[in-house]
Amino acid sequence: MNDMIIAADGLSKSYDGKPALRSLHLEVPRGSICGFLGRNGAGKTTTLKLLLGMLRRDAGAIRMFGEPIDSEASSIAARRRLGFVSEDKELYPFMTIDQTIRFTRAFFPGWRRDLEEKYLDLFQLPRKKAVPKLSKGMRTQLMLLLAMARGAELLLMDEPTSGLDPAMTEDVLQILADLAASDGTTIFFSSHQLAEVEQICDRVCIIDQGQSVIDGVLDDLKSDYRRILLVFDGEPPRELAELDGVDHLRQRGRTASLLAHGDVDALVDRARELKPSSVEVRPVTLKELFLDHVRGE
Amino acid sequence: MLWYKAWLETRWRFVFILGSILLVWVAPLWLPSTGVSAAVAASRMGRALQLESALLYIFAAIYLAGAGINTQTVYAATTGFHGSMLFTLSMPVSRRRLLLVRAGLGAILTGLLVAIVAGYTLLHQPGSASARAIVEYIARAIICTMAVYSLSVLMACVLDEMWQFMGGCCVWVAFFMLQSRFAVLSSLSPLRGMSLICYPLGGPMPWMTVLASLAFAGAFLCASALVLQRKEY
Amino acid sequence: MNLRINFASGVPIYQQLMEQIKHAVDTGAIRGGEQLPTIRKIAEELAMNPNTVARAYRELEREGIIEVRHGSGAYVGMPSTSSAKVAGIRKAAEVLRPAMERGLAIGLSEPELRRVFEDELSRLRDDAAAERRGN
């Protein structure tokens, strides 16, 4: 079967008594591109830092590349095979682009010089420029280069396209798609840009308040979930909320909007029994899926 | 490449200290002559240098221990508190190795500065000294400074870059005041061990102090490693 | 082949890709026996996920519209294998078109028209299910 390049179970972490992750379950199959979505403070960066060994978990188990990560040595072994892009794209202010590349290159024997040249050229990054003089966008590009040129099997990225204009974002997505297609690189990244997640990801994981609320193949989620709009002559009946398969219910006046998944046909049948004046079934976008699961209405 | 990075991080601090020290040495030459005889002037210079060199050792040790062990520069208006440390920690390298290389380079540079200053100080001592006395002085100056350096490294691991320097200075000022009250501290004090006033040139070598300094240096380094190992970023 | 995917749509991407490829075959943009672009090429060009492209290709192969030859790539199946489906699609389009024109003529907007279509489709499905239960 698909071997999991990341497998976390029961992952918990608190800061000063405040829980950031509560028994998080996360699986990322090798070769997939998985989007990690969640509101600010939901636990995305904490999860990435735990995977990298920057934080120690309170509870739970982490396996990466099939090996348990429970010591510094195992964490270092995993870091040899992955690339990381941090949220704030910090690099060394006392180095130039060239020095930064040479520094990083020394740690990875599988470094791809051809990709280094290609990305330097694409991003138009001048080798001799000092890091503090770079704009946020250029720092992002440099960090992406450093992560993607090392021949890593897995890329862990925290908002990889922040600060990039739409044209450059498209270029980056193309590079990622190509890395996945040609080298089978697995990509796990957090993002606030739903559009780019919909474009490039085959899997999506939504985290809310430290727990995973959605985790699966994006296309399958689109098939499994439906929005059912019902209009009634009076108040929508209370039984609606108890129907099997209703994930989320919102009422406004005489209209009820259901987010449903599973056996949608059966659900529609039972909804019809409640005698609505109109029934409409619509497909669900990722945005709706996201908002309905994190806005806690 | 870690040594190269450490050097890039520290080189300006090293240059700054070297420059400051040179300035301190050159300054007396620019002071207006007060009509004092050359011999007296030289003698005063000698004593001043003795006092100053210990201070210079300490200053160098604290300052050079600072950069790059823990926080590293944080860009303004970012939410990240740990700066480029996250980039460093994402590399496949152990925290212990990070500490050893960074502290190691700082120690080498500090030792170098101590040797330079000690050499210059010796040149201005009245009278002459045996080779053995010279070696003893330089050795204890370096070892005692390493104790100060090591504690500064520990402070760098625990505190922010900004506070590390001030914290270091505060600790040693406090120690300086305490050592005059407590005989135990006085006999083991690195501050006195590195000074020519407390232990004159050619006099008996303060072995206890030197050994204590060595022990302190080792202990503080281990403590630093422990702190870094457990630290959360 | 001119492929355009609406990534924001609620319709699964692999299905959209399948439809686009089938459409290309129908209109003759790509003919029987011709080679389709590689998965890598489509993924890179559209900046989309290669697994999704692979899934579309797998489904198309299952439906008999394309065949995947190991080592050389994916090729459009010869017309005979898909002609029945193609003909069926053409017939349905012919039948539906006047109804749609009528709907638009009486003043329905496109979303309204789509809603009617979905509703009727649901009702048909319900009726079929009811019939099965009745038997």
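Guide: Welcome! Before we count anything, a helix here is a DSSP run of H or I with at least four residues, and a strand is a DSSP run of E with at least two. The model we are looking at is predicted.

Visitor: How many helices and strands are there in chain A?

Guide: By that rule, chain A has eleven helices and 14 strands. Its C-alpha atoms fill a box of roughly 70 × 40 × 40 Å along the principal axes. Of its 297 residues, 46% count as buried.

Visitor: What makes K133(A) exposed or buried?

Guide: Set the count against the cut-off. K133(A) has 11 other C-beta atoms within 10 Å, and a residue with 12 or fewer is called exposed, so K133(A) is exposed. K133(A) sits in the loop between α4 (113–123) and α5 (136–148) of chain A. In space, its C-alpha atom is 8.7 Å from that of P93(A), although the two residues are 40 apart in sequence.

Visitor: Which share of the contacts in chain A joins residues at least 24 apart?

Guide: Among contacts between residues at least 6 apart in sequence, 70% join residues at least 24 apart.

Visitor: Into which domains is chain A divided?

Guide: Chain A has domain 1 (4–209) and domain 2 (221–294). The centres of these two domains of chain A are 37 Å apart, taken over C-alpha atoms. Their contact uses nine residues from domain 1 of chain A and six residues from domain 2 of chain A. On the domain 1 side, β3 (33–38), α7 (194–200) and β9 (203–208) of chain A each give two or more residues. That side has five nonpolar, one polar and three charged residues.

Visitor: How do you know which chains touch?

Guide: Two residues are in contact if their C-beta atoms lie within 7 Å. Two pairs of chains touch, and chains A and C have the most contacts of these. Chain B and chain C are joined by no contact, and their closest C-alpha atoms lie 26 Å apart.

Visitor: What does the contact take from chain A and from chain B?

Guide: This contact takes 24 residues from chain A and 22 residues from chain B. On the chain A side, α1 (44–52), α2 (72–79) and α3 (97–105) each give two or more residues. By class, the residues of that side of chain A divide into 13 nonpolar, two polar and nine charged.

Visitor: Which residues of α1(C) meet which residues of α3(C)?

Guide: I13(C), Y14(C), L17(C), M18(C) and I21(C) of α1(C) meet T52(C), V53(C), R55(C), A56(C), E59(C) and L60(C) of α3(C). The residues of this contact divide into eight nonpolar, one polar and two charged.

Visitor: And where are the domains of chain C?

Guide: Domain 1 of chain C covers 13–77 and domain 2 of chain C covers 81–134. Their centres, taken over C-alpha atoms, are 27 Å apart.

Methods
Residues are numbered from 1 along each chain as its sequence is written. Chains are lettered from A and ligands numbered from 1 in the order in which they are written. This is a predicted model: local features need pLDDT of at least 70, side-chain atom pairs count only at pLDDT 80 or more; totals for chains, interfaces and linings use all residues. Ala, Val, Leu, Ile, Met, Phe, Trp, Tyr, Cys and Pro count as nonpolar, Asp, Glu, Lys and Arg as charged, and the others, Gly among them, as polar. A residue is buried if 20 or more other C-beta atoms lie within 10 Å of its own, exposed if 12 or fewer, and partly exposed in between; C-beta atoms are placed from the backbone. Domain bounds come from an automatic or database domain assignment.
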